[in-house]
Amino acid sequence: MAGGAVVSTGGKDYPGRLTLFVFFTCVVAATGGLIFGYDIGISGGVTSMNPFLEKFFPEVYRKKQGASSANQYCKYDNQLLQTFTSSLYLAALVSSFFAATVTRVVGRKWSMFAGGFTFLVGAALNGAAQDMAMLIIGRILLGVGVGFANQSVPVYLSEMAPARLRGMLNIGFQLMITIGILAAALINYGTNKIKAGYGWRISLALAAVPAGIITIGSLFLPDTPNSLIERGHPEAARRMLNRIRGSDVDVSEEYADLVVASEESKLVQHPWRNILDRKYRPQLTMAIMIPFFQQLTGINVIMFYAPVLFETLGFKGDASLMSAVITGLVNVFATLVSVFTVDRLGRRKLFLQGGSQMLVSQLVVGTLIAVKFGTSGVGDMPKGYAAAVVLFICLYVAGFAWSWGPLGWLVPSEIFPLEIRPAGQSINVSVNMLFTFIIAQAFLTMLCHLKFGLFYFFAGWVVIMTVFIALFLPETKGVPIEEMVLVWKGHWFWNRFIGDHDVHVGATNGKATA
């Protein structure tokens, strides 16, 4: 790659194996992704249900009923409807900053508990909603829950996992997100058939199930060794490290490096100010650009509004919800591909291949829609033609699901040194939520005005982000978190920001080579 973007760290390979204890704790922690995924999947389905629209968005309902010969691109264009979806992500953005302090001061598990419990309350409010105020307040509480969970879960998984299996275990979070999306699509498909018209309440209230799983599950989770050391419990940290790496494994070297990293972190009194230091420029750039690009892949256009989008493309009622189920299934199975390949192929190869596949798929989908609906938005889509659109949307979803989907959470969670890790993850979550909010708030209006060009718009961004990864992201697979500085030190571009004195004492046994 240009400029020698692939870096070999020569870092340590700490002894240890994937113990049953680690596997189960990571599975329980990863269920924090269920609440995020369920919400992404449920919103679009509910907002395409007539009883829900009639009660809360009568203007959209009337427009939809009379849309058979009207502009298909614009029938869902309504700012209040978009606010219903996007308010959650604004709340998640704000709460992620508070979550950083909770995560650092009381540990990762209690941040997960707070997220699950708040989401539980929000689900109850949404299911019982009688007016717009209850609906939006419930959404905001859901957002607080998502902010806390997304801040703590990826960090927890990265800290618990052995370095050489960190990618696989961390992607458990994204896998749970995709399972949540699929479950939501299946539930929407079922509740939409309820003739009495209260199916949307069941869809919204069932968010309490994934919330209950992470709320109760977090109570049984142990703290990570990194967090225990950070909070002044060195003996407990050593015992925990022994337990998660295997009782017959000598963890002295890894423990010593964790202690060194913790001592360095204690010298940092103001992580939010220190993260702006020149030596953290590579990590800060990735924490901002990766979630920014992740949202500009256009994936949430598909996942938020899949039923609405498919109905706009000419699919009717149940057919639009079934199409969302199909894309949800593709999402789950494609994420499983990344689970088993990320620690073998590495992060960069998946990013680059996935980006290329997404680009081609978006161009084809945009062209297919352009041919049938043109700029007027008036037209019909035959079954065979519609199947081709769904096929290429599925190829697009698959490309995302083994690249930007899981890696957008994995890479930022594994690159920050302990002293700025909670602050760094908060920036990652808040940027993600900010642009999720913007896309959710603007998408239906953009679809109305850009029409099929919306797919070309996102395709252009995919080109930019793929070039960015090719040039500026070094390979991080198999590198212990506390030695990650060597990756940046050995990179053709980022090495100019890191002096020899910035390399951790515990990491100096490794050598960085470009």
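These questions and answers concern a predicted model.

Reader: How many residues apart in sequence are the parts that the pair R347 and E414 ties together?

Author: R347 lies in helix α18, residues 347–373. E414 belongs to helix α20, residues 404–414, so the pair ties together parts of the chain separated in sequence. Both R347 and E414 are buried. The separation is 67 residues.

Reader: Is D223 buried or exposed?

Author: R231 has a relative accessible area of 25%, so R231 is partly exposed. D223 has a relative accessible area of 10%, and under 20% counts as buried. D223 is therefore buried.

Reader: Are helices α15 and α22 roughly parallel or roughly antiparallel?

Author: The axes of α15 (residues 281–295) and α22 (residues 453–472) come within 9 Å and cross at roughly 150°. The crossing is left-handed. Angles over 145 degrees count as roughly antiparallel. The two helices, α15 and α22, are therefore roughly antiparallel.

Reader: Which elements give two or more residues to the nonpolar patch?

Author: The patch on the surface is formed by V105, V106, W110, I216, L219 and F220, with about 610 Å² of accessible area together. V105 is in helix α5, and V105 counts as exposed at 51% relative accessibility. The elements are α5 (79–106) and α10 (208–219).

Key:
Residues numbered from 1 in each chain as written. Predicted model: local features only at pLDDT ≥ 70, side-chain atom pairs only at ≥ 80, totals over all residues. Heavy atoms only, no water. Patch = residues over 30% accessible without salt bridge, like charges linked within 9 Å, V, L, I, M, F, W, Y side chains within 5 Å. Areas by Shrake-Rupley, 256 points an atom, 1.4 Å probe, with all protein chains shown as cover. Salt bridge = Lys/Arg side-chain N within 4 Å of Asp/Glu carboxyl O. Helix = DSSP H or I, 4+ residues; strand = E, 2+ residues; numbered from the N terminus. Buried < 20%, exposed > 50% of the residue type's maximum accessible area, 1.4 Å probe, protein only. Axes fitted to C-alpha atoms, helices over the stretch in contact; angles between N-to-C directions. Parallel < 35°, antiparallel > 145°, perpendicular 65-115°, else oblique. Left-handed = near helix turned anticlockwise from the far one by under 90°.
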